[in-house]
Amino acid sequence: MGSGTLLMFVPYGWFLVYWRTHREEVSLRSVAARSCLVCMALALGVSMQVFGSAVADAPTNLCAYQPDAASCEAFPALPDAQCRLLEACAAACGGERPCPCEGGLLPNYRCRWSNATSDTITAILAPESFRREKLLGPRCVKAECPLYKYARGVALEFGVLLLILCYVATYALHDVARLLGRPPKQPPPPPPLDA
């Protein structure tokens, strides 16, 4: 993102300086078009930061440890005692730091029981430790997660990158070529010598 931002904002800044000093040569429509594209990229960038961090990922796979189909399908249902313990832990924090329950994430996924079995060759070649981890045969697997929330941040990032690419291809290359192609400024003539 950093280099893409430089590819957009440095030529845009150069163009604004050029427009300020050469208003008779540069139309206001070209400034408006560039400014609109830059504002859209900024809006998507801010949205990406807001929505990209809206999902707290729970990387632990608690589904793999569910022993049977009933507990797998019911996950994350908890007995009353464990629910009360979680509620007490959350209420105990109340915004205080440090919180004894800090650092843990509640799972943001559901589990599903899969009756799929692996092929015979995998079952024969797999070591015993692999089979013990319930990775072969019927097992409980992660099934649902907040995919839309994850995808929203990724889609916004691609939108920002696409706008930067459009700006560079449409305007920035021309602006940099014009900046580099200008004739160098001539030094002022020396003051006349008084004889």
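Arg 34 is found in helix H2, which spans residues 28-52; helices here are DSSP runs of H or I with at least four residues, strands are runs of E with at least two, and both are numbered from the N terminus. This is a predicted model, in which local features need pLDDT of at least 70, side-chain atom pairs count only at pLDDT 80 or more, and totals for chains, interfaces and linings use all residues. Residues are numbered from 1 along each chain as its sequence is written, and side-chain values use heavy atoms, with hydrogens and water left out.

With a relative accessible area of 5%, Arg 34 is buried; buried means under 20% relative accessible area, exposed over 50%, and partly exposed in between, with a 1.4 Å probe and protein chains only. Apart from neighbours within four places in sequence, Arg 34 is in contact with Tyr 12, Phe 15, Tyr 167, Tyr 171, His 174 and Asp 175, where contact means heavy atoms within 4.5 Å. Arg 34 also lies over the face of Phe 15, at 3.8 Å from the ring centre. Likewise, the charged end of Arg 23 sits over the ring of Trp 19, 4.2 Å from its centre. A charge sits over a ring if NZ of Lys or CZ of Arg is within 6 Å of the ring centre and within 35 degrees of the ring normal.

Rings of Phe, Tyr and Trp (its six-membered ring) pair if their centres lie within 6.5 Å; planes under 30 degrees apart count as stacked, over 60 as edge-to-face and the rest as tilted. The count by this rule is two aromatic pairs. Tyr 12 and Tyr 167 form an edge-to-face pair, because their ring centres are 6.4 Å apart and their planes stand at 75°. Since Tyr 12 lies in helix H1 (residues 2-21) and Tyr 167 in helix H7 (residues 147-181), this pair ties together parts that are 155 residues apart in sequence. The pair of Tyr 167 and Tyr 171 is tilted, at 5.6 Å centre to centre and 50° between the planes.

The largest nonpolar core has twelve residues, among them Tyr 12, Tyr 167 and Tyr 171. A nonpolar core is a set of buried Ala, Val, Leu, Ile, Met, Phe, Trp, Tyr and Cys residues joined through side-chain atoms within 4.5 Å. H1, H2 and H7 are the elements that give two or more residues to this core, and H7 gives the most, with seven residues. A second, separate core of seven residues includes Cys 63, Cys 72, Phe 75 and Cys 140.

Two disulfides are counted, a disulfide being a pair of cysteine sulfur atoms within 2.5 Å.

| Disulfide | S to S distance | Angle about the S-S bond |
|---|---|---|
| Cys 63 and Cys 111 | 1.8 Å | -80°, left-handed |
| Cys 72 and Cys 140 | 2.0 Å | 85°, right-handed |

Cys 72 in helix H3 and Cys 140 in strand S2 (residues 139-144) are 68 residues apart. Both are buried: Cys 72 has a relative accessible area of 0%, and Cys 140 one of 7%. Cys 39, by contrast, is in no disulfide, and the nearest cysteine sulfur, that of Cys 36, is 7.0 Å away. Cys 39 is partly exposed, at 48% relative accessibility.
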